[in-house]
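Opening my notebook on this one. I'll jot down what I look up as I go.

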Amino acid sequence: MTCLPVAGVDVVRATLCRAAKKVQIRLGLPASVSAEAPWTVPLNRLFHLRLRVDWDAGIDPQHLVLGLRSQLPDSGGQVRFNGPDGPDSRTLTGSGEYIVALYGTRPSGQNGTNGDVLIDLKANGEADSEPLLTLHLAVQPQPQGDIDAALDQLEAELAIAAQPVRPTDAALQPVWDRYARLFADAQSFADALSALPEASIPTVAGPLEPRAFDLDEIKTHLRHHGRPDSVAETRARGRNDAFDPFRGHWRGDWRQGNSCPPVLGICQDHQWGDTAALPTQPHLYGQRVRLGDDSRPYREGAGACTAITESDRDLTQPAINLINIDTGVIVGAVGLRNTSDRGPAPSIVAQRPHVGFYIAPGRLLWVAEEHLSADGNEVTYSVFYEIREGDPVEQPLYTIQGFEFRWHRGERRIHGEITTKAGQYLKIMTAEERELERQFRDRALQPGHLEQPYYRRQLERLSPDAVRAFQTNAATSATVRPYLERLLDFVTQQKALAEAPIGLRPAVTFIMGEEPEDAANQFYSSARNFFDLNPAGTLVTNLRNLVEVRDYLDRHAIADSPWGEINIVVHANEEGGMSIPVRAGGNDIFPELLEQAIAAGDILPLDDAQVDVRTQVRVRGCALGRSQEILELLSVALGDRDRQHPVVRAPQGLQGYTWRSVGGTLTEVEEHLVEFWFVSWPGTNAARPARATLAQQFGDKYRNHPVDFDWEDALRGRVPGITQESRDRSLPYAPIAIPYAPADLPPLGTAAQRLTALLARTTVEAELNADGYQIADFNWVIGTAQHTLGNGDIEVTYTINAQRTILRLERDLRAQLSNLLFTLSSSLQTDLTNRTLSPALRQAFTDAGHPLSDVALVLIREVNQQWLILDPAHPLLHQPNRLRTFLVRRTDANLTVRREDPLTTGAVVRAHPPVTDLQNFGEYVPARPATRPLGENLPVSP
């Protein structure tokens, strides 16, 4: 703050009335000055004096002469105008507001406390006349402290203030309390604010510009700190770019209207640094600022404030802005208190603490404590906007618009008048900086932009169309173009997520078949029992193909609420096969067939009002998650434009269901996975290789995935828990007709000749290779039929059966239960039975040190006895360190809680991993939210 006194301190005024000459002089000083209480000025540094001179119109000439003299010319203090070698007098002509630059060249006596330098103000250069006014100055050394060290101290204070809860360390509590009190006061005085005077902005262009305050906006933000409906904090979460618009070197005038006349714009120089995460607290982002008055423009003949481009200040003040991107809380501080002023709370170091409110990009609202009375009851507060405006290249401007008042905490009212303050600053840029800004504005990305977080944060907030504009104009660079390709993919995903509504959504479960009562594998009926006890939306059991599923989703969609969870229970396999057709009467789904159906329009996508990127499709079918191709095709088949396709997940192991009933009443159900290992051979089961050969095949295939048993022992049935099963994996081919000229008809007498002829004229081999197979993986049974065409050619129709059999070794996916973690009150059993994670149940887990995410769910395993709590941690991200499954069991007195842990030793149980566990599930996620703060999601290649 340029004007040093607080409201209410007297200032020097002098009026001369002699003969017909009248002139009034007002001085802006920190206090009344005298020989006993001189004005302290710095040694070896510029400083300035503000005056307002008012001459009567009839006075001529109108010269006010300022003369400097030392009372101790040889040993006392010495001051010069303009600089160390400047003159000892200066003349001001006419009425007006003036600022003059002075420089202390020699310290005053008595360690700089003696007011032994005088400034005489005389009218019209009357050398022998008495001065109109004489000021006493004392020149003192005022060393500039270590700014970096001061910034470190301020940053440490703000890191405490920005925490969401009060620290338990008593030494740190006063710091947190100080800023909490500012927020509390802001809520209180918001109600006391009524009409506000306009602020006068000292524009860079020169004239003052009156601006009104948006009082409603100010009061809304001040009132809502810490509340769920706080607009500022909601908008500020994740905004590590909140301070970026103010980054750079700024120069301009600061004008303050209070009881310290005259009201003049004082040149200031600000250096706002880059915003960066605190090394030990990455959720806190701080911006270091150096600011202060600059008296250089007030030397005789000097250029205007913004014409001086070199950064310098009379005295640099340290300042910090800091945001907690998790909560949206913003705090700040300017200046460091003297050690002697810190009193009983030495951890409080900031001279002027601030609390902030994020309104919009380039628009912040601050509340600053300017002065606190000794008893702590009366506070001088500033409330001010920081606004980024102007053309970012031609005239980038930063404007402050604020007001100041005294607030009495006990009386909860404003004392005295409300005065305004304002400043406007021009960004001073080098030619290189300006060119980078121009190129960025013109969508011409350069490697230099990617080197700066300031630009990378802006890039990650762009729309896909804006990124495409950058791609059109991108520099030919090995760095820029690949970066923009990744950026387009990233922002397209973010756009899709932003367009997909968040909230409660409908769910549905499709069971895609049923078995005869005497069937050995009761997969579908077992699944139905599971969902009877653990409903996942509406249960639908009468559909038998994918188009019927799609049409059901279309007909039963709810307005303004896309589907949330879609479960499809179906037989499947690791090669992407599903035991349902796309349409009635068709062949069972496999990847190539579904791809063809999509291309032919046999299945039409749902629109994004029905299915979007937040829709979760979970296929509960054996090993389908091992085929990434089918997961993506299912998403495309059901989804809509751009990235508005659903998430699709499926198990990598075999899908199993078990159940138990007592007296016809279902009492236990379990959905579980079976891990498996498999090899294959050409032909049917009759061509099964010898045991030793199979053991060698297993060993070779899983060499990099060691197991805890011997392969040959497993094949002999000697490993407890492991069973084996063979399955036909022959490939279906429709008949293929190929015409030949009679002279070109190949020999077709043997199986090998028929295969050679088929491969020579088709893409069968290339398609197999694309799917990861070789011709030798199958036994090819090929029949042929011939007939002569009208033109004499011979058409050969090939019927093909590519025989292949797999052998699986299978074992329940296992885990081990932890020791008892904690117990729950039996009063929570109702919540578990209702499969409800109530606030009380969640709090119990939190209190025990095991907080649950928003997407955790309860499953009944045994009625009134056992429950599973599965926590996938996040619906769209894989966060392995947060995935957990808890088993809750009822005992006589309470409910015990244990966790399923990775298998080491101890009691073995079936594992129930959450669906986002990528060790056990495959997934296709078309749009993932950013996992890092802005500017840090797309590393730039060196």
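Is Glu923 buried or exposed? I looked it up, and Glu923 is buried, at a relative accessible area of 9%. My cut-offs: buried is under 20% relative accessible area, exposed is over 50%, and partly exposed is in between, with a 1.4 Å probe and protein chains only.

**Ground rules**

This is a predicted model, where local features need pLDDT of at least 70 and side-chain atom pairs count only at pLDDT 80 or more, while totals for chains, interfaces and linings use all residues. I number residues from 1 along each chain as its sequence is written, and side-chain values use heavy atoms, with hydrogens and water left out.

**Salt bridges**

Glu923 pairs with Arg928 in a salt bridge, with 2.7 Å between the closest N and O atoms. For the term I take a side-chain nitrogen of Lys or Arg within 4 Å of a carboxyl oxygen of Asp or Glu. Arg928 is partly exposed, at 28%. I also found a network in which salt bridges with shared partners join Asp391, Glu394, Glu435, Arg438, Arg441 and Asp442.

Searching the whole structure gave me 63 salt bridges. One of them joins Asp191 and Arg223, whose closest N and O atoms are 2.9 Å apart. Asp191 sits in helix α3 and Arg223 in helix α4, so this pair ties together parts 32 residues apart in sequence. Helices here are DSSP runs of H or I with at least four residues, strands are runs of E with at least two, and both are numbered from the N terminus. Asp191 is exposed at 52%, whereas Arg223 is partly exposed at 31%.

I then checked Glu378 and Arg406, whose side chains form a salt bridge at 3.3 Å, N to O. Glu378 is in strand β20 and Arg406 in strand β21, so the bridge ties together parts that are 28 residues apart in sequence. Both ends are partly exposed, Glu378 at 23% and Arg406 at 27%.

**Helix α4 and its surroundings**

Which residues of α4 are buried? In this helix, residues 215-223, I listed Leu215, Glu217, Ile218, Lys219, His221 and Leu222. They pack against α3 (173-192), α5 (231-236), β18 (350-360), β19 (363-372), β20 (378-389) and β21 (397-408).

**Helix pairs**

Next I looked at α2 (residues 147-161), whose axis comes within 8 Å of that of α3 and crosses it at roughly 70 degrees. That makes the two roughly perpendicular. Axes are lines fitted to C-alpha atoms, for helices over the stretch in contact, and angles run from 0 to 180 degrees between N-to-C directions. Under 35 degrees counts as roughly parallel, over 145 as roughly antiparallel, 65 to 115 as roughly perpendicular, and the rest as oblique. The contact (heavy atoms within 4.5 Å) uses Glu157, Leu158, Ile160 and Ala161 of α2 and Val175, Trp176, Arg178 and Tyr179 of α3.

How do α9 and α10 pack? I read an angle of about 170 degrees between α9 (residues 464-473) and α10 (residues 480-499), with the axes 9 Å apart. They are therefore roughly antiparallel. On the α9 side the contact includes Val467 and Phe470, and on the α10 side Leu484 and Leu488 are among the residues.

**Cores**

A nonpolar core is a set of buried Ala, Val, Leu, Ile, Met, Phe, Trp, Tyr and Cys residues joined through side-chain atoms within 4.5 Å. The largest has 71 residues, and Phe510 and Met578 touch the most other members. Apart from it I noted another core of 51 residues, including Leu182, Val331, Phe357 and Leu365.

I also checked α11 (residues 523-533): nine of its 11 residues are buried, so the helix is largely enclosed by the rest of the structure. Among the buried ones are Phe523, Tyr524, Phe530 and Phe531.

Most residues other than glycine have a negative phi, and most peptide bonds are trans. I flagged the Asp60 to Pro61 bond, which is cis, with omega near 0 degrees. Pro61 is in the loop between β4 (46-55) and β5 (63-70).

Arg443, not a glycine, has a positive phi of about 60 degrees. I placed Arg443 in the loop between α6 (431-441) and α7 (447-450). Arg835 also has a positive phi, about 55 degrees, and is in the loop between α19 (829-833) and α20 (839-847).
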